[in-house]
Amino acid sequence: MLLFAFQAWNFYIQKKLSQSNTSLKSALDNQQLLLKEQVENRQYTSQKRFDLEVEIYKELFNSLITASDDFSALMPLLDTSFPDEKSKKKEMTNRWKIFTDSFNTFSKVRRAYAPFYAEEVRLTLNEISDCMMDQGKYFRYMHFMPDMKPFAQKHWSDIDQNNKNVRLLVNKATKQVSNHMKSKI
């Protein structure tokens, strides 16, 4: 009788353990499925964030390169000579319009996406913007404000330095963004 009770007890314990194992296995399977979904969701989110950053930087650099090219054409070191003051004024007005349009586009893009840029990139972009605005001031002095032309001529070294700085800063921003994006891969 004791043997029968022991066997019944053993059978009962085995059945409970089997049910417990099945229940535990089911809970672990559910947990594993949940974790897998979370990992896939994070990978999807990370990929979407990366894709968004790529698009933002593409738009930024398109506007930056256009503004930089127009900036360089604004006050080239070797400028053409003009047959008369009227044709010179017309050319300078055209350069100014082209530059301000591209600079304004760059500025809007730069400010609109500022929360997405790495801090070092944002600071470099601000430096570029400052140099371009400074150069714009000298351009206006030279070509549209006759009373200020002597002041601008005295600061020709600043004008030359702005040209160099913008080229260097565009290269710096390019390298910063490249390194930032490579670190994401």
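## A pair along H3

Aspartate 134 and lysine 137 sit three residues apart in helix H3, which means about one helical turn separates them. The two form a salt bridge, with the closest N and O atoms 3.0 Å apart. Both ends of this pair are partly exposed: aspartate 134 has a relative accessibility of 22%, and lysine 137 comes in at 24%. Keep in mind that this is a predicted model, so these values are computed from predicted coordinates.

Helix H3 runs over residues 119-143 and holds another such pair, arginine 122 and glutamate 119, again three residues and about one turn apart. Here the closest N and O atoms of the salt bridge are 2.6 Å apart. Glutamate 119 is partly exposed at 45% relative accessible area, and arginine 122 is partly exposed too, at 26%.

## A pair along H2

Helix H2 covers residues 85-112, and in it glutamate 91 and arginine 95 are four residues apart, about one helical turn. They form a salt bridge as well, with 3.1 Å between the closest N and O atoms.

As for the background, side chains of opposite charge can pair when their charged atoms come close. Across the protein, the count comes to six salt bridges, and the pairs described here are among them.

## Histidine 143, between two helices

Histidine 143 belongs to helix H3. With a relative accessibility of 18%, histidine 143 counts as buried, because buried means under 20%.

Which residues does histidine 143 touch, once its neighbours within four places in sequence are set aside? The answer is Lys88, Lys89 and Met92. Take lysine 88: this residue is 55 positions away from histidine 143 along the chain, yet the C-alpha atoms of the two are separated by 9.0 Å.

## The largest pocket

Histidine 143 turns up again at the largest pocket, where it is one of the residues nearest the centre, along with Pro76, Asp79, Met142 and Trp156. In total, 14 residues line this pocket, and its volume is about 180 Å³. Rolling a probe the size of a water molecule over the atoms shows where empty space is left.

Where does the lining come from? Helices H2 and H3 each supply at least two residues, and H2 gives the most, with three.

## The protein as a whole

Stepping back, the protein has five helices and zero strands, so reading along the sequence, under the DSSP-based assignment of helices and strands, you get the pattern α-α-α-α-α.

How much of the protein is buried? Of its 185 residues, 28% count as buried. The accessible surface comes to about 12,900 Å², and carbon and sulfur atoms account for 58% of that. Among contacts with a separation of 6 or more, 75% are between residues 24 or more positions apart.

How values were computed
Residues numbered from 1 in each chain as written. Predicted model: local features only at pLDDT ≥ 70, side-chain atom pairs only at ≥ 80, totals over all residues. Heavy atoms only, no water. Salt bridge = Lys/Arg side-chain N within 4 Å of Asp/Glu carboxyl O. Buried < 20%, exposed > 50% of the residue type's maximum accessible area, 1.4 Å probe, protein only. 1 Å grid on protein atoms, 1.4 Å probe; cavity = no way out; pocket = protein on both sides within 12 Å on 5 of 7 lines; lining within 4 Å. Points joined across faces, edges and corners; volume = space filled by probe spheres on them. Contact = heavy atoms within 4.5 Å. Areas by Shrake-Rupley, 256 points an atom, 1.4 Å probe, with all protein chains shown as cover.
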